[in-house]
Protein chains: 2
Amino acid sequence: MTRWTGTPAYAQIANDYRTKIIEGALPEGSKLPSESELMNEYGVSRIVARQAIGVLRNEGLIISHTGKGSFVKPRQQIDRLARNRYRRRKLTGEFADDARRAGATANIEASSAPAPASNNIAARLKIDASTPVMRTAYRFLANGRPIQVSTSYEPLTLTEGTDIERPEEGPLAGLGVIGRMDSIGVRVTEAIESVTTRAPLPWEVEALDIPPGVHVLSIERTFLADDLPVETCDIVVPGDRYGLTYRIPVVDE
Amino acid sequence: MTRWTGTPAYAQIANDYRTKIIEGALPEGSKLPSESELMNEYGVSRIVARQAIGVLRNEGLIISHTGKGSFVKPRQQIDRLARNRYRRRKLTGEFADDARRAGATANIEASSAPAPASNNIAARLKIDASTPVMRTAYRFLANGRPIQVSTSYEPLTLTEGTDIERPEEGPLAGLGVIGRMDSIGVRVTEAIESVTTRAPLPWEVEALDIPPGVHVLSIERTFLADDLPVETCDIVVPGDRYGLTYRIPVVDE
DNA sequence: TAGTGGTCTAGACCACAAT
DNA sequence: TTGTGGTCTAGACCACTAC
């Protein structure tokens with residue numbers, strides 16, 4: 001290919017097609033040229049053509065299928081998980097609520113086991129490291145499709161010996177943290193959520209059925225009862241399908 | 001290399017080193033084997049060794065330097081931009097506040113121009129498409145390092161002919177949306193923010209100095225005066241350096 | 001059967017970094 | 001000078017898809 005700058009050939013090809021995709025010249029679902037066609041069009045070897053395709057795939061712009069070709073990904077309509085407020089009077093967990101609103105059937109897998117708090121978890125719960133906590137792993141499915149995985153930690157100093165020691169068992173199973181804590185006289189007053197993004201871990205790719213090039217949103221959520229942390233949770237959702245919506249008040253102060 | 005499953009060689013190598021990095025066997029800053037060493041260790045060609053390294057680079061786990069090697073990235077300490085509430089009585093914008101709290105020097109570049117509203121912006125501002133809006137492009141730097149780029153849109157039907165027509169000019173420049181709107185009798189009551197993640201666009205890579213394999217957090221923020229949108233803004237921050245922290249109340253309802 | 005993408009080998013030249 | 005990663009060529013075999 002004609003090289004007029006220091007830009008590598010694969011980057012130039014990727015730039016060309018990225019522009020076409022973003023500007024709409026290549027609409028959703030349309031097919032990109034095959035590797036052979038790119039080789040002819042730009043006069044490069046197959047590896048360079050593949051490298052260019054790989055860049056776009058890593059950016060999540062296209063998806064490749066063996067034997068068929070590469071296609072512009074549908075602009076995922078993003079389901080926004082609203083996080084405006086948490087409600088105290090409620091008979092179901094947040095996820096089941098969201099799913100019902102969206103007209104989906106919700107399934108939740110959960111399993112608990114006691115464990116000593118890691119340094120990270122201890123800091124978030126404001127307890128000493130190695131203090132026992134109840135660790136619960138969740139997997140949420142909507143319409144049979146995995147949507148979210150999370151791991152929650154509750155200090156056993158709060159819940160040991162009560163009905164709610166294990167979130168997924170007992171009469172209040174599935175009620176959510178606020179209702180469960182209410183039942184033992186702990187009044188949750190607010191939640192703090194921190195959102196970051198990163199590449200998925202291998203087990204997250206497996207558990208969430210994440211296509212290549214997609215990152216995850218990682219949410220660190222802590223429920224507080226007047227400055228006392230009563231639960232902290234690591235929540236992971238696929239970044240291509242979910243956004244998070246927050247409502248923020250303007251205060252006179 | 002010995003192949004005992006259908007797992008490709010490059011994926012196997014990447015898995016090995018990903019595990020070592022995540023579990024801490026390869027601490028931050030430590031050097032990965034060179035491509036030649038990987039070729040010998042696993043008995044593969046250079047392309048396969050490079051492919052494995054490339055996977056880890058795309059996941060943001062390592063960084064490569066020509067002539068030196070590949071190194072485990074320092075676990076970026078994430079600066080969390082707090083978004084608990086917006087304050088009405090305030091003499092500076094949000095960014096300058098954040099920066100001052102963090103002990104950093106803040107610089108803001110901004111430039112405005114009127115433009116017709118795109119379909120997307122029109123929907124967010126609840127106005128008709130092609131209605132004129134003031135479009136302002138911002139670039140925020142802390143300690144000279146680019147941190148955030150954003151583009152805001154304000155309906156000119158609200159601001160045309162007033163002191164605040166251009167956010168970066170006039171007596172109230174740099175005051176922030178709430179204070180500026182107050183000055184023309186528009187009382188902003190809340191903000192709604194939607195957070196998603198995606199690969200950066202080429203100009204964002206340039207403007208934010210983003211290393212390979214890093215995604216961005218994209219925030220769509222709209223300020224409302226009692227359900228009337230008065231400003232909407234697309235905010236982009238590097239995902240490896242910034243997280244977003246929200247405080248969410250628990251309501252009795 | 002022909003075309004596609006997925007994986008892999010065996011080379012090559014270059015710019016940059018360490019010595 | 002030597003070793004490193006960055007880029008590139010010219011082949012090859014395989015599994016899957018469409019016809």
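The model is predicted, so local features need pLDDT of at least 70 and side-chain atom pairs count only at pLDDT 80 or more, while totals for chains, interfaces and linings use all residues; side-chain values use heavy atoms, with hydrogens and water left out. Residues are numbered from 1 along each chain as its sequence is written, with chains lettered from A and ligands numbered from 1 in the order in which they are written. Chain A and chain B bury about 4100 Å² between them, and 26 residues surround DNA strand C, with 26 residues around DNA strand D.

**Where chain A meets chain B**

- The contact (heavy atoms within 4.5 Å) draws 46 residues from chain A and 46 residues from chain B.
- Interface size is often quoted as the accessible area lost when the parts come together.
- Here the buried area (accessible area for a 1.4 Å probe that two parts lose on being put together, summed over both) is about 4100 Å², with 57% of it on carbon and sulfur atoms.
- Between chain A and chain B there are 6 salt bridges (a side-chain nitrogen of Lys or Arg within 4 Å of a carboxyl oxygen of Asp or Glu).
- One salt bridge to look up joins Arg247(B) and Glu190(A), at 3.5 Å from N to O.
- Polar contacts (pairs of N or O atoms within 3.5 Å; within protein, one must be able to donate a hydrogen and the other to accept it, and residues adjacent in sequence count only if both atoms are side-chain atoms) link 24 residue pairs across this interface, both residues at pLDDT 80 or more.
- Helices (H or I, at least four residues) and strands (E, at least two) are DSSP runs numbered from the N terminus; among those supplying at least two residues each to the side of chain A that touches chain B are helix H1 (9-23), helix H3 (46-58) and strand E11 (242-251) of chain A.
- E11(A) gives the most to that side, with 9 residues.
- By class, the side of chain A that touches chain B has 20 nonpolar, 11 polar and 15 charged residues, where Ala, Val, Leu, Ile, Met, Phe, Trp, Tyr, Cys and Pro count as nonpolar, Asp, Glu, Lys and Arg as charged, and the others, Gly among them, as polar.

**Strand pairing**

- Strands pair if DSSP finds at least two bridges between them; E11(A) and strand E4 (residues 86-87) of chain B run parallel and are joined by 2 bridges.
- In that pairing, Val251(A) has Arg87(B) of E4(B) as its bridge partner.
- Within chain B, strand E1 (residues 62-65) and strand E2 (residues 69-72) pair in the antiparallel sense over 4 bridges, and Ile62(B) stands opposite Val72(B) in E2(B).
- E1(B) and E2(B) make a hairpin with 3 residues between them, and Gly67(B) in the turn has a positive phi of about 80°.

**Around DNA strand C**

- A residue is near a strand if one of its heavy atoms lies within 4 Å of it; the closest to DNA strand C are Glu35(A), Arg46(A), Arg50(A), Ala9(B) and Ser45(B).
- Of the atoms of DNA strand C within 4 Å of the protein, 66% belong to sugar or phosphate and the rest to bases.
- Phosphate oxygens of DNA strand C lie 2.9 Å from a polar backbone atom of Glu35(A) and 2.6 Å from a polar side-chain atom of Ser45(B).
- A base oxygen of DNA strand C is 3.2 Å from a backbone N or O atom of Gly67(A).
- H3(A) gives the most to the surface near DNA strand C, with 4 residues.
- That surface divides into 7 nonpolar, 12 polar and 7 charged residues.

**Around DNA strand D**

- The closest residues to DNA strand D are Ala9(A), Ser45(A), Glu35(B), Arg46(B) and Arg50(B).
- For DNA strand D, 64% of the atoms within 4 Å of the protein belong to sugar or phosphate, and the rest to bases.
- Polar side-chain atoms lie 3.2 Å from a phosphate oxygen of DNA strand D in Tyr10(A) and, as an N or O atom, in Ser34(B).
- Glu35(B) brings a backbone N or O atom to 2.9 Å from a phosphate oxygen of DNA strand D.
- H3(B) contributes the largest share of the surface near DNA strand D, 4 residues.

**Salt bridges overall**

- Over all chains, the count comes to 28 salt bridges.
- Asp182(A) and Arg88(A) meet in one of them, at 3.7 Å from N to O.
- This pair links distant parts of the chain, 94 residues apart: Asp182(A) in helix H7 (residues 177-183) and Arg88(A) in the loop between E4 and helix H4 (94-101) of chain A.
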